[in-house]
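Welcome to my notebook. I looked up a few spots in this structure and jotted down what I found at each.

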Amino acid sequence: MSFEHLKSTPIDSLRVSVEAYRHRETGARHYHLAAQDANNAFLVAFPTVPQDSTGVAHILEHTSLCGSRRFPVRDPFFMMTRRSLNTFMNAFTSSDWTAYPFASQNRKDFDNLLRVYLDAVFFPRLERLDFAQEGHRVEFAEAEDPESDLVFKGVVYNEMKGAMSSPTTRLWHLLQSELFPTITYHYNSGGEPEEIPNLSYEQLKAFHARHYHPSNAVFMTYGNISPGEHQERIEEFALGQFDLLDANFDIPDERRYTAPVIAEGRYALDGEEDTHGKTHIVMGWLLGKSADLRTIIQAHLLSGVLLDNSASPLRQALETTTLGSAPSELCGLDDSTREASFVCGLEGSEPEQAEAVEALIMDVVREVAEKGVPQEMVESVLHQLELSQREIKGGHFPYGLRLMVNALSPALHGGDPATFLNIDPVLQELREAIQDPAFIQGLARKLLLDNPHRVRVVMSPDTDLSHRQAQAELQRLAEMKAALDEDAKQRVIEETRALKSRQMQKDDPGVLPKVGLEDVPPDMSIVAGNSQPVESVPTTWYGQGTNGLVYTQAVVDLPAFSEDLVDVLPWFCDCLTEVGCGERDYLAAQAWQASVSGGISADTSVRGTIDDTGHVRGLFVLAGKALTRNHEPLAEVLRTVFERARFDELARLRELMAQVRAQREMSVTDHGHVLAMTAAAAGVAPSGLLAHRWGGLLGLQRLKRLDDGLDDKSRLAAFAANLQSIRDRILDAPRQLLVVAEPDQREIVTRGLASRWGGLGPGGRTWEAFTAARPAGSVREAWATSTQVNFCARAYPTVPMQHPDAAALMVLGNFLTNGFLHRAVREQGGAYGAGAGYDSDTGGFRFFSYRDPRLGDTLSDFDRALAWLGEEAHEYRQLEEAILGVVSAIDRPDSPAGEAIKAFYGILHGRTPEQRRRFREKVLAVTLDDLRRVGEAWLDAEKASTAVVSDPKTLAVEAPKLDLEVRTL
């Protein structure tokens, strides 16, 4: 045997067994999480500890996936995403490690992906042209004209320009650099845009040779494939070709400060002259080793006591102070680094308030250290830790991979992954320890009050920063050009030609393994529920393996609202679970929720019907989850909030809307492509227009207008009255319950629901159904914000899901993405991402780009994609790959609770199991002729809507050329 078995650790609470192995020859470690789950998962990870901010680890992650020894094609990673039934494929770079994970339910597919991944990381080609494409390069603005200006290009270069456009991201990196002044975390592992061009090709190759060796590697697997089978393949495809390497990438302890440190920074604020109330002030402490479970759980306990909810002392202080508008998004414990850190602070403040913010925070910490907190608050936080440990999450990131990633950092930092997955013994120790009232006081004193390794960071807006950065880049490029002789200029042109030629070459996909349509399961798995009313309230039950949790939701058919209340509805959802209820004020309500549940939330679900996207069904949802032992208190919380939420605490409403605004404003550049697509789809269908009004840029614009006026007491009172009106209308609408729990818990949960929801009735006595306004027509919008990159979108009105052409349109999205957009917009254009797809909720077909250096050329590429569809000859292979991608997404499993919830809401919106199966069958039957036909029939340029997100200066020049109306947030 090539691997020796070290130990096995059963973890009953997670229903897994962690088996540890060591490779005899190289010392590579393998942790297998044995579980009765067919969604098998794999990752290989390496410690990557950069000593600068050139992004070497990040660019290596990209370049490793551009061809390898056994698979010498230009783009095996993206080619495999099309030749696979994977449930997850990706690679990511953390601050001190790089991981390559995937998951699949299909055994043949799993083996295919394993071969490709192992070859990519251990035997990559790392060609210079791939480094130029993925990392950075210079080209002439006019590719063949050496007299034109030089420009920087590169996928990672533009990705990080986009990432560093986010104020929160800039703040986090600045804080990290100050908390860790001497070790690897001081640097931006993703790469600073100004530093990325300093990385050489030779440095990239040397970094791979040092770091990507089996002696440094950690392998993790999850699922029902035996560890021995994994190890045979790992040995055959990789490890059998290596010897032991004596390399040590252990990260040393950070040198500790003897006194607190103060730092300042700036972030770009474009298109606004008023910088009032836009400064971030945060404090960070360096704590103990993250690989010590007791140390880190104690830190989580203290963090939760201070910040868990609005009743927690530090969060309460940060939410109610007039020194800022909202708690910082960075608030909380970060245990991803070798030594953990605790962060708290404010956004929406002023630079001159820094001392006062620090005093506010330290006063709270001091009070906790001296007086402690109520015992029930500590027990509530322990309850949250237990619930978080037990919950099976899924979705796009499979449960098995979540467990593996949670265990990865301890494995790389010298801890025991099994110990970190099995926290129950440490939680039990803490339950005993907190019986001493001085325990929390001691933690607050030790970790924070008496800890001199403390940093205060003030990051202020700068309306000229973007201009200075752009000018510095132009100056740098001008100096580079001035240093080029004629031969050097010609080399730039020749390298540009060579890269373009490489990007256009057609590799033989036959060198890569694949699955085909013959490997697709004949049917899809859809869980079934059954109906049994609770008293007179209609109730749907799903018995699922939830690992001891119960999920309860009150579902209400949205009633008709006046247009002004329609705009208020998302803010009603934001506020409903954060205000007081019944006799409890909001502080008591928050404490109550935290003590018995894993959180409750309110939301809406509005989708176009399957046969007419001009009509919608709208639902209001009040949802909660709890450990099964708390099912009855959860039911009581939900009903009390549903019926008796209080909107009379006006100061609380003012705080909440300031927080919602701050969160939405900070998220624009991270979700720019989604916001651009939402804006474009607003011209397609009623549900698209609603999404733009509620969660899109139009909604943010209206939110800012509302928030600006709420300091006026009469407007605040009117807002509260609107919230009350919405709640009253919802109480009169038809309602039902959804319950997901362990099958053997149904009877006890039924009794609890009956005792709390009995007598409420089904509602709907005086009720008119919700309707949504139709769009006035297509849109052509350009939204201005602070960003160094662009986001482009175009949307076409097509057909509802029931239409015979819907399946072909769904496949067409993948077909255009794989065959044209990936090459034209990402590889050649330099955007971080691009794609197309059909949206069954709106009946729209949408194109998008993400973190894109271009605007007009990308929009032209969207048009060229359609020309490519109609004019080029296409292979069956391309069609098969597009169909596989759609079926893989349809069949992707969720968590047990997630599967039930998806099935339930699918039925309410007309997506019954029968309809979903018929649609899947139609997808599998799509032909190349179908793709050309639906493209010609439905993607009509005259009916298209276009939306982009960019910076004000770019839009001042480009928007008139593109006939786009500029709108500001």
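**Entry 1: two crossing helices.** I began with H19 and H22, which are roughly perpendicular to each other. A reminder to myself before going on: this is a predicted model. I looked up the axes of H19 (residues 563-576) and H22 (residues 650-666), and they come within 10 Å and cross at roughly 110°. Which residues make the contact? From H19 I found Trp571, Asp574 and Cys575, and from H22 I found Leu653, Leu656, Met657 and Val660.

**Entry 2: along H18.** Next I turned to H18, which covers residues 486-504 and has 19 residues. From its first C-alpha to its last, H18 reaches 27 Å, close to the 27 Å expected at 1.5 Å a residue. At the start of this helix, I saw that a side-chain oxygen of Asp485 reaches to within 3.2 Å of the backbone nitrogen of Asp487. Then I asked which residues of H18 are buried. My list has Ala488, Lys489, Val492, Ile493, Thr496, Leu499, Arg502 and Gln503. What covers them includes the helices H4 (128-134), H17 (465-482) and H28 (806-828), along with the strands S8 (137-140) and S9 (150-153).

**Entry 3: Arg629.** I found Arg629 in the loop between strand S21 (616-627) and helix H21 (631-644). Is Arg629 buried or exposed? Its relative accessibility is 54%, so Arg629 counts as exposed. Leaving aside neighbours within four places in sequence, I found Arg629 in contact with His383 and Glu386. With Glu386 there is a polar contact between the two side chains, at 3.0 Å. I also looked up Val749, which is 120 residues from Arg629 along the chain; their C-alpha atoms are separated by 9.4 Å.

**Entry 4: two positive phi values.** My last stop was backbone angles. Most residues other than glycine have a negative phi. Leu126, however, has a positive phi near 50°. I placed Leu126 in the loop between helix H3 (107-122) and H4. Leu126 counts as buried because its relative accessibility is 5%.

Where does Arg851 lie? I found Arg851 in the loop between strand S26 (844-850) and helix H29 (856-871). Its phi is positive too, at about 45°, although Arg851 is not a glycine. With a relative accessible area of 7%, Arg851 is buried.

Terms used: Residues numbered from 1 in each chain as written. Predicted model: local features only at pLDDT ≥ 70, side-chain atom pairs only at ≥ 80, totals over all residues. Heavy atoms only, no water. Helix = DSSP H or I, 4+ residues; strand = E, 2+ residues; numbered from the N terminus. Expected span 1.5 Å × (residues − 1). Buried < 20%, exposed > 50% of the residue type's maximum accessible area, 1.4 Å probe, protein only. Contact = heavy atoms within 4.5 Å. Polar contact = N/O pair within 3.5 Å; in protein donor to acceptor, adjacent residues only side chain to side chain. Axes fitted to C-alpha atoms, helices over the stretch in contact; angles between N-to-C directions. Parallel < 35°, antiparallel > 145°, perpendicular 65-115°, else oblique.
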